[in-house]
Structure formats: structure tokens, C-alpha cells
Amino acid sequence: MGIISSGFQGRRNRDDPGLPPGQHRAEDFPVLSAGPTPRIARADWEFRIVTETGTSRHWDWAAFLALPQEDITADIHCVTSWSKLGTHWRGVALDTLFDQIETTARFSLVHSYGGYTTNVPLADLLGGKAWIVHQFNGADLPSEHGGPARLLVPHLYFWKSAKWVRGLELTGEEIPGFWETNGYHAHGDPWREERYG
Ligand SMILES: Nc1nc2c(c(=O)[nH]1)N[C@H]1C(S)=C(S)[C@@H](COP(=O)(O)O)O[C@H]1N2
Ligand SMILES: [Mo]
């Protein structure tokens with residue numbers, strides 16, 4: 001038996017090494033929304049990326065579904081301390097959307113229908129790390145969990161995974177979103193316990 005030296009940079013949970021520190025496993029799927037659930041018909045839905053130069057590109061529901069779809073299995077971690085392991089989603093990688101975008105911006109402000117915002121660096125959205133998802137466990141994403149579509153950034157605390165997502169604003173400087181303005185950490189890595197700013 002050797003000493004395990006994985007080069008792992010974060011901290012693990014003392015009681016449950018599969019979890020980040022301070023987290024516990026939830027069996028159910030809690031709903032956490034800062035306001036009422038907006039109801040957006042697929043016919044009215046669009047997702048838009050506006051770059052730092054003001055150039056914009058958008059996809060309606062049909063164009064979004066015509067993009068390559070990926071199945072994602074990921075652990076999710078809410079800052080209020082519940083984690084859910086091995087969740088199943090289907091959607092489009094941000095990499096796929098950014099194939100059609102020219103930008104040198106380093107940051108994004110994510111906008112949702114209903115007004116919620118959250119900031120995520122592009123480095124955390126690209127490279128197979130984030131998706132716009134429209135299915136959970138093989139069924140259409142329920143509206144209380146962000147349907148028609150939400151952002152999924154599973155390697156960051158779940159407040160970054162904006163429900164009812166409607167677009168990204170790309171910026172050179174970081175603009176804090178809703179929870180980041182209210183005391184949450186700008187980045188939100190659960191393995192580093194980046195809970196509060
Ligand atoms: N638009 C929007 N997205 C949101 C929120 C919100 O209030 N509004 N809450 C965030 C928080 S704090 C969490 S923990 C997750 C909860 O997602 P769930 O309700 O699907 O569990 O959504 C995140 N995305
Ligand atoms: Mo949360």
C-alpha cells in the first residue's frame with residue numbers, strides 16, 4: 001500500500017470522499033429559485049450571445065435542437081450544502097455555440113428569463129465544462145428546474161447553473177451577477193469551498 005498522491009488540489013469531505021467539503025448527499029432534487037418560475041413557451045424561447053463588440057448571434061428552439069446534442073452525467077453541488085451525484089442531462093455544449101462566435105472576452109454575465117444573472121469566466125464555460133441543457137433524466141426539463149433550458153456548469157456551485165437561461169453577455173471585465181452581488185464568491189469552486197466573497 002502506497003501513500004495516495006493524486007496531485008488533487010482541492011479538499012475532500014472528511015466523512016464522504018466523493019463529496020466536496022461541507023456537503024451532504026440529497027436523495028431528492030430540491031428546487032431553489034430566488035423568484036417566481038417564469039413560463040416560457042418553446043415557440044418564444046431564444047438564446048442569444050452578445051460579444052464585447054456588440055455583435056450578437058441567436059438561436060431559436062428549432063435551431064438550438066438542430067445543434068449536436070450531448071448526454072452529460074455530472075455531480076452537482078448547491079452552496080446550501082446538498083449535492084446530487086450522477087445526475088443525467090441532455091443538451092448543447094457551450095463549445096458548440098462558441099464555434100459561431102468571435103471574441104477575446106474573458107468573462108460572461110449569464111442572463112435568465114425573469115431577470116436572474118450570474119457571472120462565469122469563459123474558461124469555465126468552454127473546454128467541455130458547460131452546457132445548455134433541456135432534458136433531465138430523459139424527460140423535458142421541468143419548468144421549476146429551469147425549463148425549457150438552463151445552463152449547467154457542474155464543476156461550480158449550482159447557483160452558476162442559471163435556470164430559464166436566455167443569453168450570455170461577453171465582457172472584458174467581470175460583472176458580478178445576482179448572488180455574487182449579495183455576498184457569494186465570484187468564482188464558486190466547491191472543491192475549494194469558494195462559497196462567499
Ligand atoms: N434563473 C435562476 N436560476 C437559478 C436560480 C434562480 O433563483 N434563478 N437559483 C440558483 C441556485 S442558488 C441553485 S442552487 C440552483 C437550483 O436549481 P434547482 O432548483 O433545479 O435545484 O439554480 C440556480 N439557478
Ligand atoms: Mo443554491
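This is a predicted model: local features need pLDDT of at least 70, side-chain atom pairs count only at pLDDT 80 or more; totals for chains, interfaces and linings use all residues.
Five strands make up an open sheet. Their order is β3-β2-β11-β6-β7, and the pairing is mixed. β3 (56-60) and β7 (117-121) are the edge strands, each pairing on one side only. Direction ignored, neighbouring strands of this sheet are turned by 15° against each other on average.

Take the pairing of β6 with β11. Strand β6 covers residues 107-112. Six bridges join β6 to β11, and the two run antiparallel. L109 has E169 in β11 as its bridge partner. In general, strands of a sheet pair through backbone hydrogen bonds, either parallel or antiparallel.

**The nonpolar cores**

The largest nonpolar core holds 35 residues. Those that touch the most other members are F47, I49, L94, L97, I132, L151 and L168. A second, separate core has 15 residues, among them A74, V133, L141 and F158. In soluble globular proteins, nonpolar side chains tend to be buried together.

Residues up to four places away in sequence aside, L168 touches F47, R48, I49, V50, L94, F98, S108, L109, V110 and L125.

Strand β4 spans residues 70-77 and includes I72. H77 also lies in β4. Their relative accessible areas are tabulated here.

| Residue | Strand | Relative accessible area |
|---|---|---|
| I72 | β4 | 6% |
| H77 | β4 | 3% |

Why does I72 count as buried? Its relative accessible area is 6%, and buried means under 20%, so I72 qualifies. Beyond its neighbours within four places in sequence, I72 is in contact with T87, H88, W89, R90, G91, W131, V133 and L152. G146 is 74 residues from I72 in sequence, and the two are 16 Å apart in space, C-alpha to C-alpha.

H77 is buried too, because its relative accessible area of 3% is under the 20% cut-off. Which side chain joins that of H77 in a polar contact of 2.7 Å? The partner is S83. S83 is also one of the residues that H77 touches when those up to four places away in sequence are not counted. F158 in turn belongs to the second core.

How values were computed. Residues are numbered from 1 along each chain as its sequence is written. Chains are lettered from A and ligands numbered from 1 in the order in which they are written. Side-chain values use heavy atoms; hydrogens and water are left out. A nonpolar core is a set of buried Ala, Val, Leu, Ile, Met, Phe, Trp, Tyr and Cys residues joined through side-chain atoms within 4.5 Å. Buried means under 20% relative accessible area, exposed over 50%, partly exposed in between (1.4 Å probe, protein chains only). Contact means heavy atoms within 4.5 Å. Two strands pair if DSSP finds at least two bridges between them. Helices (H or I, at least four residues) and strands (E, at least two) are DSSP runs, numbered from the N terminus. Axes are lines fitted to C-alpha atoms, for helices over the stretch in contact, and angles run from 0 to 180 degrees between N-to-C directions. A polar contact is a pair of N or O atoms within 3.5 Å; within protein, one must be able to donate a hydrogen and the other to accept it, and residues adjacent in sequence count only if both atoms are side-chain atoms.
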